[in-house]
Amino acid sequence: MDIIAVESLSKHYGDKKAVDDVGFTVSKGEVFGFLGPNGAGKTTTIKVLTTLVRATSGNVRVLGHDLRKEAKQIRNKIGVVQQQESYDQNISVEGGLDLYGFLWDVPKQKRAERVEILLKQFGLYEARKTPSLDLSIGQRRRLQVAREFMHDMDLLFLDEPTVGLDSLARRATLDFLKEKVKNGLTIFFTTHILEEAEYLCNRIAVINNGKIVTTDTPQNLKRKFGQSKSVDFKLLEGTSPELVKLIERIDDVNKIVQDVSDGAYHATTAKPEVVIPMLYQLAARLNLHITSIYIAEPTLEDAFISILQEDKS
Amino acid sequence: MNVMVRLVYRNLRANLDKGSLFFELIFPLFFIFIQGAAVAGIVPPFDIGNGRVISYSLFLAAGAVTLTVINGGTNAGTQLWFDRRHGMFEQILMGPFTRAQYIFSIIITTLIIGMAASILVFVFALPVLSGISITLQASLLTGLALFLGTIFFGAFAITLSVALKSSEAFQIISTVAFFIFLFTSSVFFPVDRAPGYIQAVSLLNPLTYTTDIFRAGLFDATTPILPLEITALSIEAAIMFTVAVAAFRRIKV
């Protein structure tokens, strides 16, 4: 059974088509990434799927329930971490967790156990007595994500959940989510940090101007839309315009650029195994010394940008 | 546990801070123990209806109790305001709750806070109010006054918090409204002896009716117009409540 099944979903605000005839499915235990530039329709889609706003048209089933007729049944089984902050300003971290569990009718004993676990898991134990208002942005974000795990759910919506988190906290949060997915949780996930999407998502849909442009696995998106691989190398001598001229004549090299920040050259090619020996030959001919060289794989970010550029054109 | 109980408990815990509670209690007590005592020396006891003659201290003590319903009511707007500002409004609506349950939980929370604060002020004011007898009629009338007054001012504050876009505007407008309600009502003086323009405004003012009904119950000073005042306050509370619900339904998320 599909956990989310969306057909021809549209949400219009006056003349503006925030979401325009989109369709997709999400399977049980899947992490479904929903990526797009600012204003593409990601948050609006989440607001519709979480029953917060009504769809203009379309058929949507969430956890087997009709979105229009069975909103309450859906809300009983989902968790949502909104893009915007949400907290009770006067309540301490542990009080906020407990109160949120109480709102969801979680028994007292279970609440106490979960509060302890989540405080430690999300690095909030030291700040457990601090009122939410006095927390840093990152701490409040961690609290917001942790809070959602005070109650049981089958489907979790995460709208840019790691905004404001440092690298360690971000990785810890993603690993925590991965563990939950292993135990059967399904996640609908939006982010602007594409490494995160690649790390966590089984499939990704890219939305632009309210329409879904493509849906596939991260690997397939990179393969289909990512640029060629890149041979990145540095010279002991720093720069060499002569070498660049010679490399540009190699048929298998699409283009070569030098990174001004670290002086490394990036030669884009579909055949790095052909280009690398030639590079060494050319460098030797000019009496230059290559100090480091490696093959850079296309990234999801490359693919994402290509997808948006193709869509624009 | 019942959904409403959970929501109301959450509202109470999330929105009651010690500072505002202290203010809600201390503010009326200043009127009772300082202004009432000071002004009573220059104002002779006077008739408030039904032949009941009381001192200005007693008169103002009753007014100060009803004053707390405005504070309690403002609390409703503040709750909604903070829930919207800090994202909890949407968060709750994406949980196992409906909009109707949320707004009713705010109203019930306001009633609890308003009634509890009024009773507390009443208890603190007992030294001034010594000698009054609490009859069934007194309890019913005072309870009704506080209930209807809290409903009106709670609904009023909710409407304001929905209509106004910034917290500064909400604070300023609610404070200005607070003073208008306060000084054109019978909290501080008997309006029937005030200049005509004040009397005219006071006829529209729900705090006038709240205070008059409360005093009538507390001091057994019922007058022939009391049923009219109860009707007027009920209508005003019902209209304001309807406006608040309509405004609330229009909140965009």
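**Exercise 1.** Which residues on the other side of helix H6(A) are exposed?

*Solution.* Step 1. The structure is a predicted model, in which local features need pLDDT of at least 70, side-chain atom pairs count only at pLDDT 80 or more, and totals for chains, interfaces and linings use all residues. Residues are numbered from 1 along each chain as its sequence is written, chains are lettered from A and ligands numbered from 1 in the order in which they are written, and side-chain values use heavy atoms, with hydrogens and water left out.

Step 1. Helices (H or I, at least four residues) and strands (E, at least two) are DSSP runs, numbered from the N terminus.

Step 2. In H6(A), the buried residues are Ala169(A), Thr173(A), Leu174(A), Phe176(A), Leu177(A) and Val181(A). They cover an arc of only 160° around the axis, which puts them on the same side of H6(A); the arc is that of the directions from the helix axis to the C-beta atoms.

Step 3. On the other side of H6(A), the exposed residues are Ser167(A), Leu168(A) and Lys182(A).

**Exercise 2.** In what order do the strands of the open sheet of 6 strands lie?

*Solution.* Step 1. Two strands pair if DSSP finds at least two bridges between them.

Step 1. The order is E6-E7-E8-E3-E9-E10 (chain A), and the pairing is mixed. Strand E6 (78-81) and strand E10 (211-216) of chain A are the edge strands, each pairing on one side only.

Step 2. Check two of the pairs. E3(A) and E8(A) run parallel and are joined by 3 bridges; Phe188(A) in E8(A) is the bridge partner of Phe32(A). E9(A) and E10(A) run antiparallel, with 5 bridges, and Asn208(A) stands opposite Lys211(A) in E10(A).

Step 3. The hairpin of E9(A) and E10(A) has 2 residues between the strands, and Asn209(A) in this hairpin takes a positive phi near 50°.

**Exercise 3.** Which strands stand at the edges, each with a single partner strand, in the sheet of 4 strands?

*Solution.* Step 1. The 4 strands form an open sheet in the order E2-E1-E4-E5 (chain A), with antiparallel pairing.

Step 1. The edges are strand E2 (16-27) and strand E5 (65-66) of chain A; each has a single partner strand, so one side of each is left without a neighbour in the sheet.

Step 2. Strand E4 (residues 57-62) of chain A is joined to E5(A) by 2 bridges, and Val62(A) stands opposite His65(A) in E5(A).

**Exercise 4.** Is Val260(A) buried or exposed?

*Solution.* Step 1. Val260(A) lies in the loop between strand E12 (253-258) and strand E13 (265-269) of chain A.

Step 1. The relative accessible area of Val260(A) is 84%, so Val260(A) is exposed.

Methods: Buried means under 20% relative accessible area, exposed over 50%, partly exposed in between (1.4 Å probe, protein chains only).
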